[in-house]
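Please open the model in a viewer and keep the selection tool at hand.

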Amino acid sequence: MADRYLRFTATAPGRALTRRLGLPRPATLRRWTVEHPSLTGSLVHLTAGESPLALAPVLARTGLPAGDGTAADSPAAVVLDACGVRDVDSLASVHAALHPVVRSVATSGRIVVLGAPLDAGDHHQAAAQQALEGFVRSLGKEIGGGRTVNLVRLTDAEVAWSTLDFLLSPRSAYVSGQVIEVGAAAEGLPWVAGDRPLAGRTALVTGGARGIGEAVAETLARDGATVVVLDVPQAEADARRVAERLGGRALTLDITAADAGERIAAELPDGLDVLIHNAGITRDRRLANMPAERWSSVLDVNLASVLRTTDALLAKGTLRRGGRIVATASIAGLAGNAGQTNYGASKAGIAGLVRALAPRAAAEHWVTVNAVAPGFIETRMTAAVPLFIREAGRRMNSLAQGGLPVDVAETTAWLAHPASGAVNGQVVRVCGQSLLGA
Ligand SMILES: NC(=O)c1ccc[n+]([C@@H]2O[C@H](COP(=O)([O-])OP(=O)(O)OC[C@H]3O[C@@H](n4cnc5c(N)ncnc54)[C@H](O)[C@@H]3O)[C@@H](O)[C@H]2O)c1
């Protein structure tokens, strides 16, 4: 499972050889640690066009000192507010703002561009704002050095705080080339700022006994949640081990059981705040060779059970007001993958579910519904992939390496954050800007 190439390229001879041969040069990414929870370096705030956003106080809350963007400063983060860009001519100010600083951004640094929602009544504004997507995605592919580039569309800086804080931190190390929409002010519940935003909340993680689910349970527990680790009865020992370590509890049941939602509700009479649909399986075969059982088992675990349990837990009121649902899609569901018609269909279905349910769940239950779409993540699932396909999966993204389960977990924790109520109906890829898919 270890990425030996990444380790080799971190050595001096490895660096020299890969540079000479023109091979991919992945940077060792800076991830969140207790000792280093923030980026180190300054934050440069730039503006293109006249923006209505009151951004400065929100950026100040990241704790990063304001920088001037000179080469000597080597900023850890650059935020370009391009909400005021309304036509093609004013796009020149995007170039003018970033051109002088782009070379000085520190390794593993962040560039976040802020845009306005597309104005359907003004095709010049829509053209200029859509242009920012192509700009951000192209810059993400060329910048290198573990730096990420993302676009946030917003109308209110204050409600986008948790999103900006995430993107401007080491927690978003493997999120690049994304376009995230933050809505207007959402219904919210009071919460306490600080290191444990989920304190007093209960989170249930399906498939939490290992892999990505285990990392999600760990990260939500770090943020203060009481976690319920759900997995199949065969994984009971692992589920208990994870739950005990995190001070939570295990719940063994097969999520495809017709009454899974009712059983979860019965186990959680006091309710649930965060529901993470992570359990998933693959049963790969080309369609011509795929028996019906392989098709139906994947659709059942990855999609039908997500719909059933979501419906049951919302209908019973188990998911409390201010709740969060995060489902797990995959880039295979967005881009398609040979041998995975069943898996691709199930994961694309997750995106459909999220987009359709999100507005209704917010209006009727005060619950947000989002998805994470992992790319190549280093887990047992991907360790079993044949060597050459595995190497291609690892390198074919802007960061030239696979992600870690914790990268998906950190993205999930941001979506589960009590301050993320205005982030709804989003499918966020955690893929290092994979070359596969949109
Ligand atoms: N690893 C990757 O690169 C990758 C990429 C894209 C998407 N994903 C998705 O991320 C999620 C987690 O992937 P992973 O790599 O950690 O997988 P994994 O196989 O390591 O873990 C999946 C967990 O889900 C549990 N599970 C399976 N069926 C279940 C059921 N019917 N009821 C309850 N629990 C069940 C398993 O027992 C296991 O503990 C899956 O939805 C997967 O499709 C993973």
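Before the next selection, two conventions should be noted. Residues are numbered from 1 along each chain as its sequence is written. The model is predicted, so that local features need pLDDT of at least 70 and side-chain atom pairs count only at pLDDT 80 or more, whereas totals for chains, interfaces and linings use all residues.

**First stop: helix α5**

Select residues 123-143, which form helix α5. Helices (H or I, at least four residues) and strands (E, at least two) are DSSP runs, numbered from the N terminus. The expected span is 1.5 Å times one less than the number of residues.

Now colour A128, Q129, L132, F135, V136 and G140, which are buried. A residue is buried if 20 or more other C-beta atoms lie within 10 Å of its own, exposed if 12 or fewer, and partly exposed in between, with C-beta atoms placed from the backbone. Seen down the axis of α5, its buried residues fall within an arc of 125°, so they line one face of the helix. The arc is that of the directions from the helix axis to the C-beta atoms. On the other side of α5, H123, G134, S138 and E142 are exposed. The cover over the buried residues of α5 includes β2 (77-84), α4 (92-98), β3 (110-115) and β4 (148-153).

**Second stop: G84**

Select G84, which is placed in strand β2. G84 is partly exposed, with 17 other C-beta atoms within 10 Å. Its contacts (C-beta atoms, placed from the backbone, within 7 Å) are A48, G49, E50 and S51, not counting residues up to four places away in sequence. G115 is 31 residues from G84 along the chain, and the C-alpha atoms of the two are separated by 7.9 Å.

Select residues 211-222, helix α7. Of its 12 residues, 10 are buried, so α7 is largely enclosed by the rest of the structure. The buried residues of α7 pack against β6 (202-206), β7 (226-231), α8 (236-246), β9 (272-277), β11 (368-374) and α15 (405-416). The helix is followed by G224, whose phi is positive, near 105°.

Finally, display the ligand. Which residues come nearest to the ligand? Of the 27 residues around the ligand, these are G207, G211, I212, I255 and G280. A residue is near a molecule if its C-beta atom, placed from the backbone, lies within 6 Å of it. α7 and α13 (380-383) each supply at least two residues of this shell.

Technical notes: Contact = placed C-beta atoms within 7 Å.
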